[in-house]
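User: I am new to reading protein models. Could you walk me through one, feature by feature?

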Amino acid sequence: MCAAFPDFRLGNVLATSFTGTLSERHGNAVERIPTPQRLIDWLAVNGLAVDSCTTAQLDLARELRESIHAAATAAAIQDALPAPAVHVINDRSAQGRAAAILTPEGERRWRLSSASCVEDALSVIAADAISIIAGERDGKLALCASPTCRAAFFDTSQSRTRKWCDMNTCGNRQKKARFKANQRQNPRSTG
């Protein structure tokens, strides 16, 4: 993967990890799939390897990403799901021909209809979004407490009170800001 691009934010939930390919939505937005090749890279890291991707397919992927983000955000704040977002998610889910397969090790993998079928990969992501937004999985949708991020994430913590989409990024940034603010208020307390 090219070092010129920001790292991917990877999580345990495919759909919300996909929405994390655009981060800092309320600050200086960071696009993590700016090119078709970066989408290929992200899909490969997430077990959905494809051989090629066109600009039109990248546009479909971004439209799906934004639709999942809009629907997940609405679900997290217990608002009505936006109809256009639901329509895109359903369309992408229905257009794919991916199949779940069981490996000899007892793990689920996805088999796409062809190695270059981005639409199949997007259908898997859309189906995952449907599963979490519909409340079929143990956990809850929440929004990152960072005012510049506000990413939707799927909280599977025991208490369901997680505050950050990613402790290594948003959580650490907030902890550092609190530490610096405390240092300014109590400059001699480090001694």
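Analyst: The notes below go from the overall fold to the nonpolar cores. This is a predicted model, in which local features need pLDDT of at least 70 and side-chain atom pairs count only at pLDDT 80 or more, while totals for chains, interfaces and linings use all residues. Residues are numbered from 1 along each chain as its sequence is written, and side-chain values use heavy atoms, with hydrogens and water left out.

User: How many helices and strands does the chain have?

Analyst: Helices (H or I, at least four residues) and strands (E, at least two) are DSSP runs, numbered from the N terminus. Here the chain has six helices and six strands, and along the sequence they follow the pattern α-β-β-α-α-α-β-β-α-β-β-α.

User: What percentage of the residues count as buried?

Analyst: Buried means under 20% relative accessible area, with a 1.4 Å probe and protein chains only. Of the 191 residues of the chain, 39% count as buried.

User: Which residues touch the most other members of the largest nonpolar core?

Analyst: In soluble globular proteins, nonpolar side chains tend to be buried together. A nonpolar core is a set of buried Ala, Val, Leu, Ile, Met, Phe, Trp, Tyr and Cys residues joined through side-chain atoms within 4.5 Å. In the largest one, which has 35 residues, these are Phe18, Leu39 and Ile125, and helix 5 gives the most to this core, with nine residues.

User: Which residues is Leu39 in contact with, leaving aside its neighbours within four places in sequence?

Analyst: With contact meaning heavy atoms within 4.5 Å, the partners of Leu39 include Phe18, Ile33, Cys53 and Val118. A second, separate core of eight residues includes Ala142, Phe153, Cys165 and Cys170.

Technical notes
Buried means under 20% relative accessible area, exposed over 50%, partly exposed in between (1.4 Å probe, protein chains only).
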